[in-house]
Amino acid sequence: MLKSVEATEEAVLTSGLVHRVALPEGRNAGEPLPTIVLVHGRAGDASVMWTFGRTIPTPLPLVVAPQAPIVDPIGGFSWWVLDGTSKRAPEEED
């Protein structure tokens, strides 16, 4: 089972995002690690994506789940500001 921990205050200040992380055991400092980033949808948070932990292959890679920085009016957090009528992120213009 994949066990995650909340990021340290220093890690949050460094990255700018609240997040959870699972570090593989027995890793060597400075050794490159395969990494999986779990990104939640609207009204989620850093802990909701860990339900997918059982699908992550072994040996365990580094797993990080950032939390969106915007408080969503329906609860949780979002990655973009909603104007009350939009149902998805605005499309980028070329």
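This is a predicted model: local features need pLDDT of at least 70, side-chain atom pairs count only at pLDDT 80 or more; totals for chains, interfaces and linings use all residues.
Which residues is Trp50 in contact with, leaving aside its neighbours within four places in sequence?

**View 1. Trp50 and the largest nonpolar core.** Beyond its neighbours within four places in sequence, Trp50 is in contact with Leu2, Ser4, Arg20, Val21, Ala22, Leu38, Val63 and Ala65. Trp50 also belongs to the largest nonpolar core, which has eight residues.

**View 2. The open sheet of four strands.** The strand order is S1-S2-S4-S3, and the pairing is mixed. Strand S1 (5-6) and S3 are the edge strands, each pairing on one side only. S1 and strand S2 (residues 19-22) run antiparallel and are joined by two bridges. Strands of a sheet pair through backbone hydrogen bonds, either parallel or antiparallel.

**View 3. Glu6 and Arg20, partners in the sheet and in a salt bridge.** Arg20 in S2 is the bridge partner of Glu6. The two residues also form a salt bridge, with the closest N and O atoms 3.9 Å apart. Arg20 lies in strand S2 and Glu6 in strand S1, so the pair ties together parts that are 14 residues apart in sequence. Arg20 is buried, with a relative accessible area of 17%. Glu6 is exposed, at 62%.

**View 4. Asp72 and Arg42, a salt bridge between loops.** The model has two salt bridges. In this one, the side chains of Asp72 and Arg42 meet at 2.7 Å, N to O. Asp72 lies in the loop between S5 and strand S6 (77-78), and Arg42 in the loop between S3 and S4, so the pair ties together parts that are 30 residues apart in sequence. Asp72 is buried at 4% relative accessibility. Arg42 is partly exposed at 41%.

**View 5. Gln67 in the loop between S4 and strand S5 (70-71)****.** Gln67 is buried, with a relative accessible area of 13%. The side chain of Gln67 reaches the backbone nitrogen of Ala46 at 3.1 Å. Leaving aside neighbours within four places in sequence, Gln67 is in contact with Leu17, Val18, His19, His40, Asp45, Ala46, Phe77 and Trp79.

**View 6. Ala43, with a positive phi****.** Ala43 sits in the loop between strand S3 (35-37) and strand S4 (62-66). Phi of Ala43 is near 70°, a positive value in a residue other than glycine. Ala43 counts as partly exposed, at 32% relative accessibility.

Note on methods:
Residues are numbered from 1 along each chain as its sequence is written. Side-chain values use heavy atoms; hydrogens and water are left out. Buried means under 20% relative accessible area, exposed over 50%, partly exposed in between (1.4 Å probe, protein chains only). A polar contact is a pair of N or O atoms within 3.5 Å; within protein, one must be able to donate a hydrogen and the other to accept it, and residues adjacent in sequence count only if both atoms are side-chain atoms. Contact means heavy atoms within 4.5 Å. A nonpolar core is a set of buried Ala, Val, Leu, Ile, Met, Phe, Trp, Tyr and Cys residues joined through side-chain atoms within 4.5 Å. Two strands pair if DSSP finds at least two bridges between them. A salt bridge is a side-chain nitrogen of Lys or Arg within 4 Å of a carboxyl oxygen of Asp or Glu.
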